[in-house]
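Please take a moment to look over the model below before reading on.

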Amino acid sequence: MAEEPSDEVKRVQVYAGPAGLLLLLLLFLVLPAATASCSAPAGNPDGAGSVSVSVTGADLVVGGDPGYQSSGAFELSPGGNAGMADEVSPRSVVRGFGIATVAIMGLGLLTALIRVRRLRAVVTAVVASVAAVLVVITEFTLVGQLVSVAEDTARFLIYLPSTQGIDVVGRADEVVSTGWGFWLTLAGLMLVAGINLFLLVRPRSRSRS
């Protein structure tokens with residue numbers, strides 16, 4: 001008779017399959033994929049203040065508010081703040097990769113309909129691997145956009161007293177960081193792919209008579 005997976009294997013395929021992909025999809029959508037922040041302490045020649053940006057996976061998909069906030073020395077006019085928020089909003093190419101990432105992870109939920117254990121493991125491993133590659137590409141393009149904006153902004157700051165003697169343009173990338181959403185999603189996708197590859201190469205259990 002055809003091989004019937006054990007209850008343990010069935011549970012593993014649920015957690016390292018549809019359930020796991022759903023959790024990772026939610027993490028990608030809710031947690032920050034990339035952040036940027038800069039602050040000036042009290043006593044700064046140009047005044048104290050801070051500016052921060054936080055972009056989630058949901059922002060990538062719907063082109064939502066990137067969470068741009070500024071205060072003190074970094075505060076701009078209402079029009080300037082709106083313009084800066086628009087600058088850091090995910091561009092079309094970044095959004096395209098973000099949407100593709102969400103789409104492939106969403107399709108991975110359909111693996112619950114596959115009843116053949118080994119076929120489900122193959123499809124899930126492929127989906128998780130492709131999603132992991134898309135997550136990395138999305139992150140690379142998003143961080144690249146934020147660094148570009150930071151460099152453009154830094155060019156307006158090179159004449160300020162507080163920036164004299166500092167290569168603010170060359171160090172603009174230091175204000176941009178990858179977010180927890182990216183790391184957790186990537187690690188989870190790699191784990192899902194690894195578990196399903198293990199299920200493929202593990203010795204088959206005896207068929208039940």
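Axes here are lines fitted to C-alpha atoms, for helices over the stretch in contact, and the angles run from 0 to 180 degrees between N-to-C directions. The model is predicted, so that local features need pLDDT of at least 70 and side-chain atom pairs count only at pLDDT 80 or more, while totals for chains, interfaces and linings use all residues. Residues are numbered from 1 along each chain as its sequence is written, and side-chain values use heavy atoms, with hydrogens and water left out. Helices (H or I, at least four residues) and strands (E, at least two) are DSSP runs, numbered from the N terminus.

Two packed helices are described by the angle between their axes and the distance between the axes. Helix H2 packs with helix H7 (residues 180-201) at an angle of about 165°, their axes being 9 Å apart. H2 is therefore roughly antiparallel to H7, a term for angles over 145 degrees. The crossing of H2 past H7 is left-handed, which applies if the near helix is turned anticlockwise from the far one by less than a right angle.

H2 covers residues 18-30, and its 13 residues, at 1.5 Å a residue, should span 18 Å, which agrees with the 18 Å between its end C-alpha atoms; the expected span is 1.5 Å times one less than the number of residues. Its buried residues are Pro18, Gly20, Leu21, Leu24, Leu25 and Phe28, where buried means under 20% relative accessible area, exposed over 50% and partly exposed in between (1.4 Å probe, protein chains only). Seen down the axis of H2, these buried residues fall within an arc of 160°, so they line one face of the helix; the arc is that of the directions from the helix axis to the C-beta atoms. The face turned away from this buried side carries the exposed residues Leu23 and Val30.

The buried residues of H5 are Val94, Gly98, Thr101, Val102, Ile104, Met105 and Gly108, and because they fall within an arc of 165° when seen down the axis, they line one face of H5. On the other side of H5, Ser92 and Leu107 are exposed.

The structure also holds one aromatic pair. Phe182 and Trp183 form it edge-to-face, with 4.8 Å centre to centre and 65° between the planes; rings pair if their centres lie within 6.5 Å, and planes over 60 degrees apart count as edge-to-face. Phe182 is buried, at 8% relative accessible area, whereas Trp183, at 46%, counts as partly exposed.

Terms used
Phe/Tyr/Trp six-rings, centres within 6.5 Å; stacked < 30°, edge-to-face > 60°. Parallel < 35°, antiparallel > 145°, perpendicular 65-115°, else oblique.
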